[in-house]
Amino acid sequence: MLFKLFEQGGPITMTPILIIFILTVLLFVKELIQKNNRQKTITLLKSLSAFVLIWGLCGQVIGLIEGFDSMEGIEGSVAPSILYGGLKFTFLPTLFGMVTYLFTRVYIIVLQWMPAKV
């Protein structure tokens, strides 16, 4: 099911979000294990979380523009099921970006809460 949603959200917008999600998980685990440069990792996680959130929103806006362009050329009215289905798909990158953002922010909170290496 997740792969189907990923595919429906569009590979151009969903792939970078997935890559950043994996990268944030790896950075978090690396910092938990090695505890090398916590502040640098936190700064990088903050930047990645902001980027992924905006990328997801851009994916939604691009999807809406493409959908409205498609509907513009149709004579008469558009069936509600087509309209609603298209709107659902435009929200997938935004949702995935928000989930990645939330996970990353939790990682930041955990890293800030943990005591520094002595």
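The expected span of a helix is 1.5 Å times one less than its number of residues. In this predicted model, helix H3 covers residues 38-72, 35 residues in total, and runs 51 Å from its first C-alpha to its last, close to the expected 51 Å. Its buried residues include Arg38, Thr41, Ile42, Leu45 and Leu48, and also Gly56, Gly59 and Gln60. The buried residues of H3 pack against H2 and H4.

These two partners also pack against each other. Helix H2 (residues 11-34) and helix H4 (residues 80-113) meet at an angle of about 10°, with their axes 10 Å apart. Angles under 35 degrees count as roughly parallel, and H2 and H4 are therefore roughly parallel to each other. On the H2 side the contact involves, among others, Ile17, Phe21, Thr24, Phe28 and Glu31, and on the H4 side residues including Phe96, Gly97, Thr100, Phe103 and Tyr107. By type, the contact residues of H2 with H4 are 15 nonpolar, five polar and one charged.

Aromatic rings are part of this picture, and the structure holds four aromatic pairs. The ring centres of Phe21 and Phe103 lie 5.6 Å apart with the planes at 90°, so this pair is edge-to-face. Because Phe21 belongs to H2 and Phe103 to H4, the pair ties together parts that are 82 residues apart in sequence. Phe21 is partly exposed at 21% relative accessibility, and Phe103 is partly exposed at 40%.

Phe103 also pairs with Tyr107, in a tilted arrangement with 6.4 Å centre to centre and 55° between the planes. Both residues lie in H4, four residues apart, about one turn of the helix. Tyr107 is buried, at 10% relative accessibility. Phe21, Phe28, Phe103 and Tyr107 form one aromatic cluster.

Conventions. Residues are numbered from 1 along each chain as its sequence is written. This is a predicted model: local features need pLDDT of at least 70, side-chain atom pairs count only at pLDDT 80 or more; totals for chains, interfaces and linings use all residues. Side-chain values use heavy atoms; hydrogens and water are left out. Axes are lines fitted to C-alpha atoms, for helices over the stretch in contact, and angles run from 0 to 180 degrees between N-to-C directions. Helices (H or I, at least four residues) and strands (E, at least two) are DSSP runs, numbered from the N terminus. Angles under 35 degrees count as roughly parallel, over 145 as roughly antiparallel, 65 to 115 as roughly perpendicular and the rest as oblique. Contact means heavy atoms within 4.5 Å. Ala, Val, Leu, Ile, Met, Phe, Trp, Tyr, Cys and Pro count as nonpolar, Asp, Glu, Lys and Arg as charged, and the others, Gly among them, as polar. Buried means under 20% relative accessible area, exposed over 50%, partly exposed in between (1.4 Å probe, protein chains only). Rings of Phe, Tyr and Trp (its six-membered ring) pair if their centres lie within 6.5 Å; planes under 30 degrees apart count as stacked, over 60 as edge-to-face and the rest as tilted.
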